[in-house]
Amino acid sequence: MGMMKFAVTPGFEVGGTIFKPEQLALLGSIIGENAKIELTNFKQLYVELEGERLKEVKRELSETGLEIYPVGFVTKSLISCNFCRGAEDAGLEIAQKLNRMIAGISTPSPLKIGYAGCALGTSEPLLKDIGIVKMRDKFDMYIGGEPKSLKPAFAELFVTGVDAEQMMDIVQRLITYFQNNGKNKEKFSKFVGRISIEKLRNTVAS
């Protein structure tokens, strides 16, 4: 079956993305000496191991509270802030609901979605494909950020002042529109430039 890869994260909470010692201990003890663990820049660990052990290892890791996701051309699990203003003010429950909705969806290229619970933006939402910033009880949304290359680009403001349900609906519709209209391996920032932010706003957010 060969080597196969999956993503692992502990999820997020007040304080950030926090692995428990027993989770890391289990991960190190069960994956085997031939396995590889890669630390990504979007708060996931990539684990590569023999395919015949994949199901067993995933089950054991899930039992410790770790979240398991596919790798490759999918929406990554939500890249969140540390919720320094507290769970309620920063919208922890909303962020968790959004993560359950978006993580692991097949897309033309890997899609990174960032969430910040206030204007400090510690999760760098303006450098993500889709960035969400909680502003008191409403949300501002940005799209098309590109952190790579020698000419990085900030995401542009897409919509402002929407409530939680509207925000999640727009995110879902953006992903679906990208699925249906994006070219194979096309970065989301290039997709936004090709379609235009105005057309996306009229099609997805109106």
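Predicted model: local features only at pLDDT ≥ 70, side-chain atom pairs only at ≥ 80, totals over all residues.
Two strands count as paired if DSSP finds at least two bridges between them. An open sheet of five strands has mixed pairing. Helix H5 packs on the five-stranded sheet, and helices H6 and H7 pack at an angle of about 90 degrees. The largest pocket has a volume of about 410 Å³.

- Strand S1 (residues 3-9) pairs with S4 in the antiparallel sense, over three bridges.
- Ala7 stands opposite Tyr69 in S4.

- Strand S6 (residues 113-116) and strand S7 (residues 130-135) run parallel and are joined by four bridges.
- Tyr115 has Ile132 in S7 opposite.
- Helix H5 (residues 164-181) touches S6, S7, strand S8 (138-143) and S9 as it packs on the sheet.
- The direction of H5 makes about 145 degrees with that of S9.

**Helices H6 and H7**

- Two packed helices are described by the angle between their axes and the distance between the axes.
- For helix H6 (residues 188-195) and helix H7 (residues 197-204), the angle is about 90 degrees and the axes are 6 Å apart.
- Because angles of 65 to 115 degrees count as roughly perpendicular, H6 is roughly perpendicular to H7.
- H6 contributes Phe191, Val192 and Ile195 to the contact, and H7 contributes Ile197, Lys199 and Leu200.
- By class, the contact of H6 with H7 has five nonpolar residues, one charged residue and no polar residues.

**Largest pocket**

- The lining of the largest pocket consists of 21 residues.
- Nearest the centre of the pocket lie Asn41, Lys112, Leu127, Lys128 and Pro147.
- The lining divides into eight charged, seven polar and six nonpolar residues.

Conventions:
Residues numbered from 1 in each chain as written. Heavy atoms only, no water. Axes fitted to C-alpha atoms, helices over the stretch in contact; angles between N-to-C directions. Helix = DSSP H or I, 4+ residues; strand = E, 2+ residues; numbered from the N terminus. Parallel < 35°, antiparallel > 145°, perpendicular 65-115°, else oblique. Contact = heavy atoms within 4.5 Å. Nonpolar A, V, L, I, M, F, W, Y, C, P; charged D, E, K, R; others polar. 1 Å grid on protein atoms, 1.4 Å probe; cavity = no way out; pocket = protein on both sides within 12 Å on 5 of 7 lines; lining within 4 Å. Points joined across faces, edges and corners; volume = space filled by probe spheres on them.
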